[in-house]
Amino acid sequence: MKFFVDTAEIDAIAELNDTGMVDGVTTNPSLIKKSGRDILEVTKEICDLVSGPVSAEVVALEADAMITEGRKLAEIAENIAVKLPLTWDGLKACKVLSGEGKMVNVTLCFSANQALLAAKAGASFISPFIGRLDDINLDGMDLIEDIRTIYDNYGFETEILAASIRSVNHVQECARIGADVMTAPPEVIKKLATHPLTDKGLETFMKDAASAGIKIV
Ligand code: G3P
């Protein structure tokens, strides 16, 4: 499963990138707002840092305007994935931009039928939002499972990019079901490495190393 980082914070991306954990980056208008940066500037910096797909989202609602914005975003770098909302206009724009050879990430997906439409419109990625379904007492993982089945039934090449990931359990479940990609905030990705027994074991090893006077260099 590929790991995308869901943030527009350059330092956090750079830190994770150094461990080889960054296969791509996703942003949205809320994350750009949080960064306090200009969208074109910060997106360019991210693309210079990361070679995988970097999703940048349009803010227009009508198809023609989305296409214009998408083309402008795609000029930033070759690894831009234009992010479009899952609306009828977004699907129209997806068809046009993907036809031009641009990567498109269709976002705000909350049903398997929506995911089916995005695949038919030529999306490179579909972004089902797990956490936001959990928020309204539905099971976001059921959606990932349904999309996996439907895409496999018909051989769609659109990648399932599990989004709105809030916990390490979400990551594990996505990997078990077979999502192609998951995007998570840096804190969640870092938490994947932690385990209380790792901490406890390391503490013992360090105590024993000190009392035995073990030195390596
Ligand atoms: O990738 C989408 C993500 O940014 C939304 O996450 O936690 O706001 O639902 P959240």
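Which residues do ring pairs link into a cluster? Select Y151, Y154 and F156: ring pairs join these three. A ring pair here means rings of Phe, Tyr or Trp (its six-membered ring) with centres within 6.5 Å; planes under 30 degrees apart are stacked, over 60 edge-to-face, and the rest tilted.

Before moving on, a word on ground rules. This is a predicted model, where local features need pLDDT of at least 70 and side-chain atom pairs count only at pLDDT 80 or more, while totals for chains, interfaces and linings use all residues. Residues are numbered from 1 along each chain as its sequence is written, and side-chain values use heavy atoms, with hydrogens and water left out.

**Aromatic pairs**

The count comes to 4 aromatic pairs. Show F4 and F125: their ring centres are 5.8 Å apart and their planes at 70 degrees, so this pair is edge-to-face. F4 belongs to strand β1 (residues 2-6) and F125 to strand β6 (residues 125-128), so the pair ties together parts 121 residues apart in sequence. Strands (E, at least two residues) and helices (H or I, at least four) are DSSP runs, numbered from the N terminus. F4 is buried at 1% relative accessibility, and F125 is buried at 3%. Buried means under 20% relative accessible area, exposed over 50%, and partly exposed in between (1.4 Å probe, protein chains only).

Now go back to Y151 and F156. Their ring centres are 5.7 Å apart with planes at 65 degrees, so they are edge-to-face. Y151 is buried, at 0%, whereas F156 is partly exposed, at 23%.

**The largest pocket**

Next, select D6, N28, L31, R132 and P185. Of the 20 residues lining the largest pocket, these lie nearest its centre. The elements giving two or more residues to that lining are α2 (29-35) and α10 (186-191), and α2 gives the most, with 4 residues. Colour the lining by type and you get 8 nonpolar, 5 polar and 7 charged residues. A pocket, on a 1 Å grid over the protein atoms alone, is an open set of points where a 1.4 Å probe fits, with protein on both sides within 12 Å along at least five of seven lines; lining residues have an atom within 4 Å of a point.

**Cysteines**

How many disulfides does a search of the whole structure find? The search finds 0, a disulfide being a pair of cysteine sulfur atoms within 2.5 Å. C47 is buried at 9%, and C109 is buried at 0%.

**Last stops**

Jump to L73 in helix α4 (residues 63-74), which is buried at 6%. Leaving out residues up to four places away in sequence, L73 touches I39, L40, A56, E57, V58 and I80, contact being heavy atoms within 4.5 Å.

L108, in strand β5 (residues 103-109), has phi near 60 degrees, a positive value in a residue other than glycine. S164 has a positive phi too, near 55 degrees, and sits in the loop between β7 (159-162) and α9 (168-177). L108 is partly exposed, at 33%, whereas S164 is buried, at 11%.

Methods: Ala, Val, Leu, Ile, Met, Phe, Trp, Tyr, Cys and Pro count as nonpolar, Asp, Glu, Lys and Arg as charged, and the others, Gly among them, as polar.
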